[in-house]
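Please look through the sequence and the model below before reading on, and keep both in view while the paragraphs lead you from one part to the next.

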Amino acid sequence: MTRTERLTTTVSTKGQVILPAGIRQRRRWDAGTRLTIEETDEGVLLKPAPAFAPTEAGAVFGSLPFAGKAKSVAEMDAAVAAEARRRARD
């Protein structure tokens, strides 16, 4: 399905709307996926809801205990790069 292709769905008596399977699969919106709903001038926009509420780093910094040797900036950069490669693979 292309972006310009128009699909239709029906609002149920409970206000539910079924999203086509192809869209759900491409977006990886499995059952139970929480979505935010935004009303725009052009219609309604659905986006995945963030897993956590927005917060400031200072509010959570140091909230988890850590036992062990501190990591260097180079070690942290390497870990971030390794995780990015892993996610790109998956």
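Glu83 and Arg87 both lie in helix α3, where they are four residues apart, or about one turn of the helix; helices here are DSSP runs of H or I with at least four residues, strands are runs of E with at least two, and both are numbered from the N terminus. The model is a predicted one, in which local features need pLDDT of at least 70 and side-chain atom pairs count only at pLDDT 80 or more, while totals for chains, interfaces and linings use all residues. Residues are numbered from 1 along each chain as its sequence is written, and side-chain values use heavy atoms, with hydrogens and water left out.

Side chains of opposite charge can pair when their charged atoms come close. Such a pair is called a salt bridge when a side-chain nitrogen of Lys or Arg is within 4 Å of a carboxyl oxygen of Asp or Glu, and by this rule the count comes to three salt bridges. In one of them Glu83 is joined to Arg87, with the closest N and O atoms 2.8 Å apart. Glu83 also forms a salt bridge with Arg86, where the closest N and O atoms are 2.6 Å apart; these two residues are separated by about one helical turn, because they are three residues apart in helix α3 (residues 73-89). As for their surroundings, residues are called buried under 20% relative accessible area, exposed over 50% and partly exposed in between, using a 1.4 Å probe and protein chains only. On this scale Glu83 is partly exposed at 28% and Arg86 is partly exposed at 35%, whereas Arg87, at 59%, counts as exposed.

A further salt bridge connects Lys47 with Glu38, the closest N and O atoms being 3.8 Å apart. Lys47 is partly exposed, with a relative accessible area of 38%, and Glu38 is partly exposed as well, with 37%.

We can turn now to the strands. Strand β2 (residues 43-48) runs antiparallel to β1 and is joined to it by six bridges, and two strands are said to pair if DSSP finds at least two bridges between them. The two strands form a hairpin with two residues between them. Thr40 is in strand β1 (residues 35-40) and stands opposite Gly43 in β2. A polar atom of the Thr40 side chain lies 3.2 Å from the backbone nitrogen of Glu42, and Thr40 is partly exposed, with a relative accessible area of 33%.

Which residue has a positive phi although it is not a glycine? That residue is Arg28, whose phi is about 60°. Most residues other than glycine have a negative phi. Arg28 lies in the loop between α1 (21-27) and β1, and Arg28 is exposed, with a relative accessible area of 66%.

Conventions: Polar contact = N/O pair within 3.5 Å; in protein donor to acceptor, adjacent residues only side chain to side chain.
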